[in-house]
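Hi,

Here is the structure I promised to pass on.

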Amino acid sequence: MIDFARVQKELQECSRDIEASGIKVTPKSENLARLTGTIPGPIGTPYEGGTFQIDISLPDGYPFEPPKMQFATKVWHPNISSQSGAICLDILKDQWSPALTLKTALLSVQALLSAPQPDDPQDAVVAQQYLKDYQTFSGTARYWTETFAKTSSLGVEEKVQKLVEMGFHEAIVRSTLDAVGGDENLALEKLCSG
Amino acid sequence: MQNQNQNQEGQLADGQTASEFEDWASFGDDDIMQQHSAIRSAEADKIPFLGDKEPLSALAAEYESGSPILLEKIKVLGDQYVAIRRTRGDGNCFFRSFMFSYLEHILETQDRAEVDQIKAKVEECRKTLQSLGYADFTFEDFFALFLEQLDCVLQGNDSSISHDELINRSRDQSISDYVVMFFRFVTSGEIRKRSEFFEPFILGLTNATVEQFCKSSVEPMGEESDHVHITALSDALGVPIRVVYLDRSSCDTGSVSVNHHDFIPAADDLPNSTSGGSVTKNPFITLLYRPGHYDILYAK
């Protein structure tokens, strides 16, 4: 049974210092078992300027069991799957403790963006690139940040252009963007799955 | 520190296509977590968090076809101890043993002076955690649940419980895990508060800093306890603990003896305590240590 009273306290605590931390946690559903975390990309990294959304779902044993977290925003990082958004981070697994909170976990995820651990990869392809060709890695990570983590600032034409550059037909891009209400991430997902 | 399974995952990926790796990457962690819980529930079927009181002969029976040295040692143990109570080997056994042993002692002795003593220490621990920057809501539920158990074992209240009920509660995950976590908070707080004292011991065990050690080896559930944990818990709560070691050590000297170590709380930091003049309490909690595991021992 999830300790909802505690989750409630965590949300209050987190919203209290949102200005200082930039970390946001908002419930997706009324029962607080599914939430969305938001972290700003760390300054001085290829993720700077991006806003990253993380899907959070709380297992029954929370806070004894770790929260399940994965990136909803696409991100190019050795320890985050470029396809699924799965995160390789010890505190989300066997090093979790009830002494940690959603906020401290998200801060650790943010720290992971600053300090990739390519020797213990989640995404082998990205990790190889990070180790063998850092310049290309850094460029790709920045491009993904621009493309996926800053969508709200883009106009429709820019979104269309970006998706067309990825190799999709313009007409299909436009109709897909329309269908998902202009959300570029959703549109890309749809284009990829369709 | 990342766990070994991920390393294996990474190695596997080298010989496989990217899409196969993605399968591993997306499902591996959940699989591992599920496997962990499967192992835990398999363990749970074998023994509850807390077993029944068994005569020492039950311990000897375990080694019947095994080491004669250990059988000799168990015979020696029989001079001072009559019974054993096993705890589940899930990495929390030291804390679960301590929890039951302490509460059972209070239930049987109704030692209100000891209860006052530990409550004062618990308040100190609360202040320690606050001063270390822990948010109250992360630990307050665990503290409250322990204090509630403490009040329940004292008789004469509406909330007083029997020995049977204490056993039931100690086997109830929603109580036992909370108390274990309470002890983990207390232990972590004490180690961090006196980090310069504990640092050399921690460096002897691992390569970690005090901070890393607390984060990775004290605060997560299921992390096993070492002498550092026992020293810190004993000091923080002012409760002496005797640990009797049942292993193959000192077996080539002819006569068989069983080693023990008493963890005596560090002299109180009361301003007027005179050196060496403080009353040393004898341990009323005795745990049996076999490499990797703690159970409760009962003295004659």
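Arg6(A) counts as buried, because its relative accessibility is 1% and the cut-off for buried is under 20%. Bear in mind that this is a predicted model. The residue belongs to helix α1 of chain A, which covers residues 4-16.

Tyr62(A) and Pro63(A) are joined by a cis peptide bond, with omega near 5°. Pro63(A) itself sits in the loop of chain A that runs between β3 (51-57) and β4 (68-71).

While you're checking the backbone, there are a couple of phi values to go through. Most residues other than glycine have a negative phi, and most peptide bonds are trans.

- Leu32(A) isn't a glycine, yet its phi is positive, at about 65°. You'll find Leu32(A) in the loop between β1 (24-27) and β2 (34-40) of chain A, and it is buried, with a relative accessible area of 10%.
- Gln110(B) is not a glycine either, and has a positive phi of about 50°. Gln110(B) lies in the chain B loop between α5 (93-109) and α6 (112-131). With a relative accessible area of 24%, Gln110(B) is partly exposed.

Cheers

How values were computed:
Residues numbered from 1 in each chain as written. Chains lettered and ligands numbered in written order. Predicted model: local features only at pLDDT ≥ 70, side-chain atom pairs only at ≥ 80, totals over all residues. Heavy atoms only, no water. Helix = DSSP H or I, 4+ residues; strand = E, 2+ residues; numbered from the N terminus. Buried < 20%, exposed > 50% of the residue type's maximum accessible area, 1.4 Å probe, protein only.
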